[in-house]
Structures are given as C-alpha cells and as structure tokens.
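Here is a friendly look at how charged side chains pair up in this protein. Have the sequence and the model open as you read.

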Amino acid sequence: MPQSGFKSGFNPRRIHHWIAFGFGSGLSPRAPGTVGTLAAIPLYLLLSPLAWPFYVGLLVLFTLVGIWACERTARDLDSKDPSAIVWDEWVGFLLTMVAAPAGWLWILAGFALFRLFDIWKPWPVRVADRKVPGGLGIMLDDLIAGAMAAILIALAAWWMPI
C-alpha cells in the first residue's frame with residue numbers, strides 16, 4: 001500500500017526507500033531513470049580508482065542490496081516496478097563502466113549507451129523486464145542493459161584507445 005503523506009510513496013524513515021529511490025534522485029518529476037543514472041556518476045567517480053576486484057565486489061554487494069531494497073520498496077508502493085525506483089539504474093551504470101577507461105568521454109559514452117539500452121529494452125533486456133518478478137526483475141533488466149553497454153564500451157576502447 002502506498003505510504004500516504006509522502007511524495008511518490010517515499011518514506012524517509014525506511015532505509016530501503018533511500019536505497020531504492022537512489023538517495024532521492026528517483027523523486028525527480030521528469031525522467032527519474034535518467035536523473036538516477038546521472039546521480040550515479042559521482043559514485044562511479046568515487047569507486048573508479050579501486051582495483052578491479054574491489055570494484056566488482058562492491059558491484060555484487062550493490063546488486064544484492066538492490067534486489068532486497070527494490071523488492072521491499074515496490075511491495076510498499078504496491079507496484080511492480082515504480083519509475084521512482086532508480087537503484088537499478090545506479091547499479092546498471094556502474095556495471096556499464098566496469099572496464100571503461102578513465103575520462104569524461106567514456107563516462108558520457110557509458111551514460112548514453114546505458115540509457116539507450118535501458119529505454120529501448122532490446123532482447124534480452126525486454127525479456128527480463130517482462131518475465132522476471134520482484135526485486136530481481138527490477139534489477140536484472142538494468143544489469144543486462146549495463147552488461148550490453150559495457151561490452152560496447154570495452155570494444156570501443158580496444159578499437160579506439162584515447
């Protein structure tokens with residue numbers, strides 16, 4: 001049941017809402033997925049200097065926490081995948097950037113590719129979005145979109161080292 005008195009059902013007394021709503025970025029009245037992805041860039045910049053195993057370890061942790069937080073928040077809001085839930089965009093973008101070279105050009109390319117796959121939902125993103133329920137389903141389509149974008153970023157970096 002949606003929480004009365006809170007915009008978009010956001011309840012600041014629930015930690016899983018803070019996480020699922022991307023620390024408030026999902027409350028944007030327009031394009032919350034895009035705003036959520038933009039809000040993930042500072043986290044990426046903070047994590048990007050980490051050694052690859054630590055970055056991937058945090059990515060796995062963020063995914064597991066996201067499955068839990070998105071599941072509980074969607075249940076609280078009585079909705080399958082509310083647009084205000086943007087933690088999946090945060091983690092999808094971090095996955096996009098897993099092997100990206102340093103630099104703003106790569107961040108912009110990663111942002112654009114991730115948003116393209118997340119909005120367009122090509123196969124297999126569309127299948128995960130439609131067929132997988134709960135917190136896993138909320139997270140999985142963005143993880144697949146992020147993996148597809150990461151592959152293109154890695155190929156571009158290999159072919160066009162800057």
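The side chains of Asp-141 and Lys-121 form a salt bridge, with 3.1 Å from N to O; the term stands for a side-chain nitrogen of Lys or Arg within 4 Å of a carboxyl oxygen of Asp or Glu. Asp-141 belongs to helix H7 (residues 134–159) and Lys-121 to the loop between H5 and helix H6 (125–131), so this pair ties together parts 20 residues apart in sequence. Helices here are DSSP runs of H or I with at least four residues, numbered from the N terminus.

Asp-141 is buried, with a relative accessible area of 1%. Buried means under 20% relative accessible area, using a 1.4 Å probe and protein chains only.

## How the model was read

This is a predicted model, where local features need pLDDT of at least 70 and side-chain atom pairs count only at pLDDT 80 or more, while totals for chains, interfaces and linings use all residues. Residues are numbered from 1 along each chain as its sequence is written, and side-chain values use heavy atoms, leaving out hydrogens and water.

Next come Arg-115 and Glu-89, whose side chains form a salt bridge at 3.9 Å, N to O. Arg-115 sits in helix H5 (residues 104–120) and Glu-89 in helix H4 (residues 87–96), so the pair ties together parts 26 residues apart in sequence. Both residues, Arg-115 and Glu-89, are buried.

Methods
Helices (H or I, at least four residues) and strands (E, at least two) are DSSP runs, numbered from the N terminus. Buried means under 20% relative accessible area, exposed over 50%, partly exposed in between (1.4 Å probe, protein chains only).
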